Amino acid sequence: MENLSVIILFLFVLFTLLGTGVWVGLALMGVAWVGMELFTTRPVGDVMITTIWSASSSWTLTALPMFIWMGEILYRTRLSEDMFKGLSPWMAPLPGGLVHTNIVGCTVFAAVSGSSAATLTTVGKMSIPELRKRNYPERMIIGTLTGAATLGLMIPPSLTLIVYGVTINESITKLFFAGILPGLVLAAMFMGYVAIYSKLGKDWTPDVEGKLSFSEKVRNSRFLLPVILLITVVIGSMYLGYATATEAAAFGVIGGLLLAAGQGSLNWKTFTESLMGATRTSAMIALILAGAAFLSLSMGFTGLPRGLADLIAGWELTRFELLMVLLVFYIILGCFLDGISSVVLTMAVVEPMIRDAGIDLIWFGIFIVVVVEMAQITPPIGFNLFVMQGMTNHEMSYIARAAIPMFLIMVLMVFILIWFPDLATWLPENLRQSPGG
């Protein structure tokens, strides 16, 4: 009962602050302040300053602004246009045709961005007009793009995985490699759905594409070479042990600037816009992480995380039952908070449960990301829904309905991860044997 009253108090303060329009990071600090005042005699100001400084000065966290900047640079290039030119000749003959460019384009851009919103905007601004022009079903264009853009959260460099790794003090590089195979499998499942729909959907009447020779397809593929080279440098340098995640992010920024310069997209205006965009996003995430660190410390004084972990341990749930409870919990939470906020807000309570249950923390990071991906496309706060609404002017309810099949595929992906855990753990385990891994 004591734990319940503390939870109710914390939630009341949190939702009161969020409801009045206070930023998420400051709202978390407000809840922590109340907790410290009520449950400890320590000087709250001194503790808050020390905790915020410790959370903000983490060396691991330096990878975050660098990867965000790389994504911002590429967002302002002609990358999406070039990707469509390079991918469309190979996608057109497949069942489902050019709708696959949404999924493959998002998968490719996710590997150089790390942001779901940047992936959606970059791929969408080129693919939506082209697919509409060819009479593909609007619901499929919107649904596949909204769903596939969430791959930016899983395929490295994933901002959510960086935040998760910093929060639980786990290797960012291992988390990145844990996300590769599940990300590719999820993309393949999305493509499988498109192929099936193209055969069964009554509204599937796109225009027939003209056939290109193999040599013409290869010639068009030259547009993909710069971004594939950049992915190889960033991911390859980490896998081979030549660079940490932070160093690989620096390589990515340099590569992004060279790519933009080579395309003629780099000028003082795009440079400063990309830098300011990265600064704003990084500052927002850093503030949320600082608030969450202070809240975690405050909750530690109340004994709440350990108490809840002991309570759930007393229920004697199996691992599968615990994961199902967490799945439902994060889906509900995702209706009201963005993914990064959900992760940092809950880890203080969830991490002890996961450790006690003997669940691999690297694997759980991928589990969390899949569930957080669902939050990106669930109303009322699904961020991808807002971005898509801004791009297409469709009703929010229409976009959410179009994305339902992708949401269900992600639910299936959660069960695949549970049934085949090696999907997430095989690459990181092999990475441990590589030089510098």
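Buried means under 20% relative accessible area, exposed means over 50%, and partly exposed lies in between (1.4 Å probe, protein chains only). The model on screen is predicted: local features need pLDDT of at least 70 and side-chain atom pairs count only at pLDDT 80 or more, while totals for chains, interfaces and linings use all residues. Residues are numbered from 1 along each chain as its sequence is written, and side-chain values use heavy atoms, with hydrogens and water left out.

**Stop 1: salt bridges**

Select Glu130 and Arg134. Their side chains meet in a salt bridge, 2.7 Å from N to O. The term stands for a side-chain nitrogen of Lys or Arg within 4 Å of a carboxyl oxygen of Asp or Glu. Arg134 counts as buried because its relative accessibility is 18%. Glu130, at 16%, counts as buried too.

Next, select Arg132 and Glu138, whose side chains also form a salt bridge (2.7 Å, N to O). Arg132 has a relative accessible area of 35%, so it is partly exposed. Glu138 is partly exposed at 21%.

Now move to Glu351 and Arg355. The closest N and O atoms of this salt bridge are 2.7 Å apart. Both residues are in helix H17 (residues 339-356), and because they are 4 residues apart, about one helical turn separates them. Helices here are DSSP runs (H or I, at least four residues), as strands are (E, at least two), numbered from the N terminus. Glu351 is buried, with a relative accessible area of 18%, whereas Arg355 is partly exposed at 46%. How many salt bridges does the structure hold? There are 5.

**Stop 2: two helix pairs**

Select helix H6 (residues 100-113) and helix H8 (residues 138-148). They pack at an angle of about 15 degrees, and their axes are 9 Å apart. Axes are lines fitted to C-alpha atoms, for helices over the stretch in contact, and angles between N-to-C directions run from 0 to 180 degrees. H6 and H8 are therefore roughly parallel to each other. Angles under 35 degrees count as roughly parallel, over 145 as roughly antiparallel, 65 to 115 as roughly perpendicular, and the rest as oblique. H6 passes H8 in a right-handed crossing. A crossing is right-handed if the near helix is turned clockwise from the far one by less than a right angle, and left-handed if anticlockwise.

Then select helix H12 (residues 225-239) with helix H13 (residues 245-263). What is their packing angle? The angle is about 165 degrees, with the axes 8 Å apart. H12 and H13 are therefore roughly antiparallel to each other. H12 passes H13 in a right-handed crossing.

**Stop 3: a surface patch**

Select Leu38, Phe39, Leu297 and Phe301. These form a nonpolar patch on the surface, with about 320 Å² of accessible area together. Patches are made of residues with over 30% relative accessible area and no salt bridge; nonpolar side chains (Val, Leu, Ile, Met, Phe, Trp, Tyr) are joined within 5 Å, and like charges within 9 Å. Accessible areas come from the Shrake-Rupley method with a 1.4 Å probe; for residues, only the protein chains shown count as cover. Helix H2 (24-39) and helix H14 (268-302) each supply at least two residues of the patch. Phe301 is in helix H14, and its 31% relative accessibility is why it counts as partly exposed.

**Stop 4: Leu11**

Finally, select Leu11 in helix H1 (residues 2-19). Leu11 is partly exposed, with a relative accessible area of 40%.
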